[in-house]
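Biologist: I have a model open on my screen and would like to learn how to read it. Could you walk me through some of its features?

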Amino acid sequence: MKTLADVLTEKNSDAYVAYDSSENADMRYLAGFLASDPYIYIYSKRGRGTLVVSSMEELRARKETSCDVITRSAAGLPDLLRELKDPERATAQMIRNLTGPKLLVPASMPIGFAQTLMQVADIAVDRGTVASMRCVKTPEEITLMREIQQQNEEATRAAVNLIRKSGIDEHGGLVYENEPVTSERVRDVIAAALRPCHCEERDTIISCGPDTALPHCLGTGQLRANQPIVMDVFPRNLKNGYFADMTRTISKGAPSGEIIQMYETVHAAKELAANMLGPGVSGAEVHNAVAAFFTEKGYETAGASGFIHSLGHGVGLEIHEGPALSPSGGILEPGNVVTIEPGLYYPGIGGVRLEDMGVITENGFDRFTNFEEQLIV
């Protein structure tokens, strides 16, 4: 928490105050408390975090968080409500009474409540301090994410096995046990495999054929033989909130020679990136090296064709967070968990993407991903 304490000193603020639910990744990171309704997090200059929760959440909060816990009643909210009538104004005054007159708030605070809070306190807006803290994972976070990636691989393997065992109908569509193998069916297989691990699939991409040229096309309908199938699986653990992320491109039967060559080139680009990653290297440097490699191999990028997205991104309590492996990516440091996911996309031909995830270490890049890379299944 030293970074948050430092910014309080820098901004001459009495406390950092956030008001949100744990769906906000910064809130969950700071509070360590899972709640779908908004609650208040306060970090004071004395170096302690405090949660202000409803009475019904007090005992659970004390069990889950390492922060101090106070109920809204104990903080005087009922008396303030009787006096001020307006719940937002009463909540703002309660915060002011607990903290002092000078507050630091996140940019994500709802503007309506921030305006109310400004009526009783001086506010400075913080942009990115907590997000930057989240970029460097602790050993405990790294262990959790490594485990989630292992669960991701088991679920993805079940999906690949379904496609591998499928037959081909007279129209080139995949079938298994007399039923079409669709994008939706493959997603259901992945979801079922993740459920016992307390993980959920969220917008898993299972695209096929022409749809693979659209990087974020979810995919729908029957999968087809001899066509690229992009499988981008990024489950979240429901207990701790952390994500894993992996992409593989496969084909039931041999796809076109163009797709095979693209696959080999994307695989080589991914290994180039993995070998470059390490502390002191910038995300921009690695991204640009991969972009230059694709150009050297004859794969030009123009408009919606070619290497049309960043090389990678951080992963944690959000599926996309810092640091970035992009044209503007900054210096990497030990504890950064990042993906490397080069891809090539050409409308009329299709797309190929491969993605691994791992952590920057003192010596380089420790890859979490151990899933096989095999285009033709």
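Modeller: Gladly! Let us begin with a term: a residue counts as buried when its relative accessible area is under 20%. By that cut-off, buried residues make up 52% of the 377 residues in this protein. Please keep in mind that this is a predicted model.

Biologist: How many helices and strands does the protein have?

Modeller: There are 11 helices and 21 strands. The C-alpha atoms fill a box of roughly 75 × 45 × 35 Å, taken along the principal axes. Among contacts between residues at least 6 apart in sequence, 61% join residues at least 24 apart.

Biologist: Let's turn to sheets. What holds strands together in one?

Modeller: Strands of a sheet pair through backbone hydrogen bonds, and the pairing is either parallel or antiparallel. A case to look at here is an open sheet of 3 strands in the order β11-β12-β14, where the pairing is antiparallel. Its edge strands, β11 (205-208) and β14 (246-250), each pair on one side only. On average, neighbouring strands of this sheet are turned by 10° against each other, direction ignored.

Biologist: How many bridges join β12 to β14?

Modeller: Strand β12 (residues 229-233) is joined to β14 by 5 bridges, and the two run antiparallel. To find your place, look for Asp-232, which stands opposite Thr-247 in β14. Then find helix α9 (residues 183-194), which packs on the sheet and touches β11 and β12. The direction of α9 makes about 150° with that of β11.

Biologist: And how do I read the side chains of a strand?

Modeller: In a regular strand they alternate between the two faces of the sheet.

Biologist: Which residues other than glycine have a positive phi?

Modeller: Asn-12 is one of them, with phi near 55°. It sits in the loop between α1 (2-11) and β1 (15-20). Asn-12 has 47% relative accessibility, so it counts as partly exposed. His-198 is another example, with a positive phi of about 60°. You will find His-198 in the loop between α9 and β10 (199-200). Its relative accessibility is 39%, and therefore His-198 also counts as partly exposed.

Biologist: Now the helices. What describes two packed helices?

Modeller: The angle between their axes and the distance between the axes. Take α4 (residues 77-84) and α5 (residues 87-99): their axes come within 9 Å and cross at roughly 130°. The two are therefore oblique to each other. The crossing of α4 past α5 is right-handed. On the α4 side the contact includes Leu-77 and Leu-80, and on the α5 side Pro-87 and Met-94. The contact residues comprise 7 nonpolar, 3 polar and 1 charged.

Biologist: How do the axes of α10 and α11 cross?

Modeller: Helix α10 (residues 257-276) and helix α11 (residues 283-296) have axes that come within 10 Å and cross at roughly 150°. That angle is over 145 degrees, so α10 and α11 are roughly antiparallel to each other. Here too, the crossing is right-handed. Among the contact residues are Leu-272 and Met-276 of α10, with Phe-293 and Phe-294 of α11. This contact divides into 11 nonpolar, 1 polar and 1 charged residues.

How values were computed. Residues numbered from 1 in each chain as written. Predicted model: local features only at pLDDT ≥ 70, side-chain atom pairs only at ≥ 80, totals over all residues. Heavy atoms only, no water. Pairing = 2+ DSSP bridges. Helix = DSSP H or I, 4+ residues; strand = E, 2+ residues; numbered from the N terminus. Axes fitted to C-alpha atoms, helices over the stretch in contact; angles between N-to-C directions. Contact = heavy atoms within 4.5 Å. Parallel < 35°, antiparallel > 145°, perpendicular 65-115°, else oblique. Left-handed = near helix turned anticlockwise from the far one by under 90°. Nonpolar A, V, L, I, M, F, W, Y, C, P; charged D, E, K, R; others polar. Buried < 20%, exposed > 50% of the residue type's maximum accessible area, 1.4 Å probe, protein only.
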